[in-house]
Amino acid sequence: MHTTMIIAVIIIAFLGTMYILARVKMKNIPVVADNEMILTLTDKNFQYQTKNRLVLVDFWASWCSPCRMMAPVLNELATELNGNSHVGKVNIEQYQSLAPKFQVRNIPTMILFKNGREINRFVGIKNKEFLLQHIKMAK
């Protein structure tokens, strides 16, 4: 019984340490500037920018570490898309009316719009290949 308690305490201490280290590492993720090909979406231009095209819209916030992790992926994706396919971003801190309008409860949330209508939704960190595959399927 005594040995079991010692092992349990060691495991809990190890997991606690790993959790703290992961949190510190996530807080230190740098902010990456958006690629020039990414559409900056606002409450005023959202409808116009998503009309008559295919747009993957990232709902994000500057304080969100997973959102900062997605930025380089979205930058790469934007450079690979051609034709009528685009990547757009909505800062939910600046344009607070858009998140509830599209029922965004967690970030990062990426919604794929085709001709202004939602056709797919992805929550959390996704890789470029996953997003590219879904965009190609939606064309």
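Which handedness does the crossing of H3 and H5 have? It's right-handed, where right-handed means the near helix is turned clockwise from the far one by less than a right angle, and left-handed means anticlockwise.

Before the close-ups, some ground rules: this is a predicted model, where local features need pLDDT of at least 70, side-chain atom pairs count only at pLDDT 80 or more, and totals for chains, interfaces and linings use all residues. Residues are numbered from 1 along each chain as its sequence is written, and side-chain values use heavy atoms, with hydrogens and water left out.

**View 1. Helix H3 meets helix H5.** Here are helix H3 (residues 65-80) and helix H5 (residues 128-138), with axes that come within 10 Å and cross at roughly 45°. That angle makes H3 oblique to H5; under 35 degrees would be roughly parallel, over 145 roughly antiparallel, 65 to 115 roughly perpendicular, and the rest is oblique. The axes are lines fitted to C-alpha atoms, for helices over the stretch in contact, and angles run from 0 to 180 degrees between N-to-C directions. Helices (H or I, at least four residues) and strands (E, at least two) are DSSP runs, numbered from the N terminus. On the H3 side, look for Met70, Val73, Leu74, Glu76, Leu77 and Glu80, and on the H5 side for Lys128, Leu131, Leu132 and Ile135. These make the contact, meaning heavy atoms within 4.5 Å. Sorted by class, the contact of H3 with H5 has seven nonpolar residues, three charged ones and no polar ones. Ala, Val, Leu, Ile, Met, Phe, Trp, Tyr, Cys and Pro count as nonpolar, Asp, Glu, Lys and Arg as charged, and the others, Gly among them, as polar.

**View 2. Inside the largest nonpolar core.** A nonpolar core is a set of buried Ala, Val, Leu, Ile, Met, Phe, Trp, Tyr and Cys residues joined through side-chain atoms within 4.5 Å. The largest one here has 19 residues, and Phe46, Val57, Phe59, Val90, Phe102, Val104 and Ile107 touch the most other members. Zoom in on Phe102: leaving aside neighbours within four places in sequence, Phe102 is in contact with Phe46, Phe59, Ile111, Phe113 and Arg121.

View 3. Most residues other than glycine have a negative phi, and most peptide bonds are trans. Yet a cis peptide bond joins Ile107 and Pro108, with omega about 0°. At 52% relative accessibility, Gln103 is exposed; exposed means over 50% relative accessible area, buried under 20%, and partly exposed in between (1.4 Å probe, protein chains only).

**View 4. Asn52, another positive phi.** You'll find Asn52 in the loop between helix H2 (46-50) and S2. Phi of Asn52 is near 60°, and Asn52 is exposed, with a relative accessible area of 54%.

**View 5. Asn91 and Gln94.** Asn91 belongs to strand S3 and is buried, at 11% relative accessibility. Not counting residues up to four places away in sequence, Asn91 touches Trp60 and Ala61. Gln94 lies in the loop between strand S3 (85-91) and helix H4 (98-101) and is exposed, at 56%. Gln94 and Asp43 are 51 residues apart in sequence and 9.3 Å apart in space, C-alpha to C-alpha.
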